[in-house]
Amino acid sequence: MFAPPGKLPFLGLKVGHFTDPKALTGCTVLLLEEGAIGAVDVRGAAPGTRETDLLSPENTVERVQALLLTGGSAFGLGAAEGVVRYLRERGLGFPTPAGPVPIVPAAVLYDLGRGGAFRPPDPEAGYLAAEAAREEVAEGSVGAGTGALAGGVKGGVGAASYRLEEGYAVYALVAVNSLGRPFDPRTGRLYAEAFLTEEERALLPDLTRYRGEEEAYRYPFLPGQSTTLGAVVTDAPLTKAQARRLAIMAQDGIARAIRPAHTPLDGDLVFALALGEGRGVDPYLLLRLGAYAADALARAIARVVLLAEGLGLPTYRELAAGEGA
C-alpha cells in the first residue's frame, strides 16, 4: 500500500534540511533521538563517508541517533559535528563512563562550484538541519540535493514509502547527484516511471517535443562529481545483519531508476535503519521489506527529478519540453 511521501509513516523519525541557495549546497539530517539499529551498503567506487565502519554487523555499536546526507564533498563531512553537538546537548548517544557519545554516520555528494560562493556545509549547517527536523519532509531542491545534478539535469531530494499488509512500513529518502541518467535518452521517459502512483503520474511532462538520442554512455560533465545517497527506514524489528540485507536489497532501486549506477565515478550507498528493538524477523518478511525498499527508492528517485527546481541548472521538465539539458 502506498503511503504519502511528505508525511513520515511512523513515529521515532524526523527529517530536517539546511539549504544554502546562494552556494547551491546543503545537508539533510535523519534524526532518531531514541536511536535505531543501523547498517550501510556501499556500491559506488568513490564514496565519502564518516562512521560507516561501525555499522558492519560484526561491530559493537548497533544504534545510531542520526544520519547525515550532505553536499560539499569531503568538506561537508564537518557538518556532522553540528549534529553531534545537537544530540550531545540533549544527552543522547552511545553510553560511556564520560557520558553519551552521539553516533552520526554521514555520507557526502559533490556539488562544489555550482553556486555563487564556496561555502560547503559546516557544523552550524548540520546543527540547523537537526534543529529543523520535523515529521513533514520537504522534497526537491533542498538540503543535500540543493546543488545536485542527475545525469545532466537537476537532482535533489525525494522520498517515498509503503505500508505492508503485515503492518510494518518502509520509507526511502534519497539525495540524487548521479553520473547516470534517470531517464531514457531515446524516449525521455523516466526509468522508474512504472513505480509512480496515479497522483505522481500527473507530474509527468508532455514528451511530444522531446529530442531523443541514442544512449552511448558518454557524459559531457567531469568525472568524480557524482553520487546517489539513499536511506531506507523501517519500523520492523530487524537485527543489525538483517538491516544490512535491507540496505543491499534497496540498492536495486538505484539501478532501476538510474543508468548506469554504482560506477567507478559515483559514491553510491544506501543506509538502512530499523526502529524496532532488534529481535529479528523471519526471512519471508525480510524479503518483502527489501523488495518494497527497492521500489520505494526507485520511486523516490523519480520524484526527485519531477519535483526539482532548477536554481539556475537545467531541469528534466525543460529537457522534456525540448529546451535541452
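This is a predicted model: local features need pLDDT of at least 70, side-chain atom pairs count only at pLDDT 80 or more; totals for chains, interfaces and linings use all residues.
1. Strand β12. Start with β12 (269–274). Six of its six residues are buried, so the strand is largely enclosed by the rest of the structure. Both faces are covered. Leu269, Phe271 and Leu273 lie on one side, and Val270, Ala272 and Ala274 lie on the other.

2. Partners of β12. β3 pairs with β12 in the antiparallel sense, over six bridges. Aspartate 41 has valine 270 of β12 as its bridge partner. β11 and β12 run parallel and are joined by six bridges. Here valine 232 has alanine 272 of β12 as its bridge partner.

3. The crossover. From β11 the chain passes through α4 to reach β12. This β-α-β crossover is right-handed.

4. Helix α4. The helix holds 18 residues, 240–257. At 1.5 Å a residue it should span 26 Å, and its end C-alpha atoms are 27 Å apart, which agrees. Its buried residues include Leu246, Ile248 and Ile254. Lys240, Gln242 and Gln251 are also among the buried residues of α4. The cover over the buried residues of α4 includes β3 (25–42), β11 (227–234), β12 and α5 (283–307).

5. The largest nonpolar core. This core has 47 residues. Val232, Leu238 and Tyr316 touch the most other members. The elements giving two or more residues to the core are β3, β9 (156–163), β10 (169–177), α4, β12, α5 and α6 (316–320). α5 gives the most, with 13 residues.

6. A second core. A separate core of 33 residues includes Leu8, Val233, Leu273 and Leu275. In soluble globular proteins, nonpolar side chains tend to be buried together.

7. Tyrosine 316. What does tyrosine 316 contact, leaving aside neighbours within four places in sequence? The partners are Val153, Phe183, Gly188, Arg189, Leu190, Pro205, Leu207, Val305 and Leu306.

8. Alanine 169. This residue lies in strand β10. Is alanine 169 buried or exposed? Its relative accessible area is 0%, under the 20% cut-off, so alanine 169 is buried. Not counting residues up to four places away in sequence, alanine 169 touches Pro9, Phe10, Tyr162, Arg163, Val233, Thr234 and Asp235. Alanine 169 and valine 233 are 64 residues apart in sequence, and their C-alpha atoms are 8.1 Å apart in space.

Methods
Residues are numbered from 1 along each chain as its sequence is written. Side-chain values use heavy atoms; hydrogens and water are left out. Helices (H or I, at least four residues) and strands (E, at least two) are DSSP runs, numbered from the N terminus. The expected span of a helix is 1.5 Å times one less than its number of residues. Buried means under 20% relative accessible area, exposed over 50%, partly exposed in between (1.4 Å probe, protein chains only). Contact means heavy atoms within 4.5 Å. A nonpolar core is a set of buried Ala, Val, Leu, Ile, Met, Phe, Trp, Tyr and Cys residues joined through side-chain atoms within 4.5 Å. Two strands pair if DSSP finds at least two bridges between them. A crossover is right-handed if, with the strands pointing away from the viewer, the path from the first strand over the helix to the second runs clockwise.
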